[in-house]
Amino acid sequence: MQFNVKTILLTVLASGCLSIASSTVVFSETFSAGGAHWPMFSTSGTVVDTSTTGQSFNLTSKGTSLGVFRLKTQGMPANIFPDTFSYSITIKSFASTKSRPFVGLGFNVGEDLGGYYFYIDASQTATLSRFQNAHVGYKALAFLPNSGLTTAVNTLTICKRGKLINAYCNSKFVASVTDSAYIPADIALIISDSAKASIDDISVTNTFDATPADTTVLQTFTGPTLSNWYTHITPSRNVYTPGKLTTTNLEPASGVSPTSEYTYANGNFKNASYKAIVKRSGGSNASAEYGISLLVINQTPSMGYQYKTLSFVINSLSQYGIIIPDATSFTLSTSSIIPQPIHGGTFYDTLIVNKIGDRYQFLVNNVVLGETAIPSSFVPNAAGIVVSAGSTVEISYFLAATNLSNGVRSLSHYNQARMINQGILPQAFDIRGRAVSMPKSSHISGVLIKQSNTLSTKRSGLLINLR
């Protein structure tokens with residue numbers, strides 16, 4: 001165990017809290033003295049076997065109650081843990097005989113073990129909570145299904161300054177909360193009953209990143225297993241094969257209200273735009289919607305969780321809709337553009353939600369279909385795909401990033417359009433006005449576009465579809 005050892009220049013902190021900064025390591029643990037510095041808080045039902053292997057602390061919980069190991073700071077400098085710090089641990093292995101075990105870290109932990117705890121479970125979910133004392137008075141501050149966790153090694157990091165707490169999993173920013181229930185105190189390790197874990201690389205520095213980077217999620221579905229992508233859909237109806245994720249949302253039983261299913265990743269998406277490539281491949285309801293969904297996941301006063309969503313959806317009838325937060329209903333529309341820009345099932349459709357200032361712009365196959373203002377309170381902390389009841393959807397690509405190369409600058413640049421009827425045209429002209437020959441049986445359809453004066457160059461023309 002070491003503390004107040006040196007000042008170093010960090011080029012990459014494993015936690016992802018900062019890129020380049022001068023940092024003081026205020027505490028690190030190598031377990032050279034075994035687990036002597038980590039006495040366990042004992043309550044009725046708490047039985048945890050401990051051992052060390054190299055620089056790893058091995059915990060095996062055999063009881064029926066939570067195990068908390070609070071660092072013994074006797075002999076250390078006073079106020080060793082400052083109000084501004086980053087605390088990181090690496091969980092090298094994790095297993096359990098129960099369905100929802102967890103293991104993680106604690107900070108600002110007092111004598112009665114009241115404080116904050118950040119932990120993960122076997123379902124790839126991370127939770128940031130506060131406990132009034134031990135496991136009493138539990139309150140979740142952030143519930144984070146799929147936080148970039150793996151089934152092997154995971155690094156958890158907390159960056160805290162005053163009331164602000166930022167949480168990271170494997171260098172990925174997953175949550176930011178503001179809370180002041182507990183004053184600076186000690187750090188701890190936590191493990192649930194019937195769980196087994198191995199922990200190492202424990203360190204605390206005096207650094208903090210006040211502006212976590214925007215999260216970038218690129219899911220191409222090309223790996224041997226699906227990772228960084230969460231769904232609570234029954235596995236038999238959520239099938240991953242390299243190249244695509246096929247999601248089925250069945251029609252509910254008679255008398256049961258249909259629900260939408262979400263497949264998503266967590267992160268900081270305040271400034272993000274989104275792109276997805278999807279295709280409806282089956283289902284009993286041709287009008288069932290599917291598409292991109294942005295989510296704000298919050299805790300309710302009753303300790304449950306609520307989802308606010310902003311979604312851009314299509315269906316196999318070539319209709320589209322924009323669902324805004326707190327809306328009680330929405331309308332599906334059919335584009336007046338001929339040919340229809342939405343394939344709706346035969347081929348993959350490319351959907352884009354493009355953030356432009358305080359507005360979202362919505363495109364299908366690079367055709368702008370609408371815009372909406374972004375509510376000031378709507379800051380997504382999750383993003384992914386929504387599938388309504390009665391539909392099977394294939395997802396082959398998903399991107400959330402601050403810049404998308406194929407977004408259109410503004411809907412106002414395309415402010416006049418009228419539909420022309422299909423017909424037979426014996427002669428046509430190219431873009432330079434030159435006559436070109438066409439078979440007499442050729443059918444055309446399209447949209448007459450007049451570009452607005454907001455651009456320096458004014459052009460008009462006919463977008464033609466030959467068949």
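## Aromatic pairs

Phenylalanine 312 and phenylalanine 362 are both buried. This comes from a predicted model. Their ring centres lie 5.1 Å apart with the planes at 45 degrees, so the pair is tilted. The pair links distant parts of the chain. Phenylalanine 312 sits in strand S24 (residues 305-314) and phenylalanine 362 in strand S28 (residues 359-364), 50 residues apart.

The whole structure holds 13 aromatic pairs. One of them joins tyrosine 117 and phenylalanine 131. That pair is stacked, at 4.7 Å centre to centre and 25 degrees between the planes. Tyrosine 117 belongs to strand S9 and phenylalanine 131 to strand S10, 14 residues apart. Tyrosine 117 has 0% relative accessibility, so tyrosine 117 counts as buried. Phenylalanine 131 is also buried, at 0%. Elsewhere, Phe27, Phe31, Trp38, Phe57 and Phe69 form one aromatic cluster.

## Salt bridges

There are 8 salt bridges in the structure. Arginine 70 pairs with glutamate 111, with the closest N and O atoms 3.4 Å apart. Arginine 70 lies in strand S6 and glutamate 111 in the loop between strand S8 and S9, so the bridge ties together parts 41 residues apart in sequence. Arginine 70 is buried at 17% relative accessibility, whereas glutamate 111 is exposed at 65%.

Lysine 244 bridges to glutamate 394, again with a closest N and O distance of 3.4 Å. Lysine 244 is in strand S20 and glutamate 394 in strand S31, so parts 150 residues apart are tied together. Lysine 244 is partly exposed at 26% relative accessibility; glutamate 394 is buried at 10%.

## Shared partners

How values were computed
Residues are numbered from 1 along each chain as its sequence is written. This is a predicted model: local features need pLDDT of at least 70, side-chain atom pairs count only at pLDDT 80 or more; totals for chains, interfaces and linings use all residues. Side-chain values use heavy atoms; hydrogens and water are left out. Rings of Phe, Tyr and Trp (its six-membered ring) pair if their centres lie within 6.5 Å; planes under 30 degrees apart count as stacked, over 60 as edge-to-face and the rest as tilted. Helices (H or I, at least four residues) and strands (E, at least two) are DSSP runs, numbered from the N terminus. Buried means under 20% relative accessible area, exposed over 50%, partly exposed in between (1.4 Å probe, protein chains only). A salt bridge is a side-chain nitrogen of Lys or Arg within 4 Å of a carboxyl oxygen of Asp or Glu.
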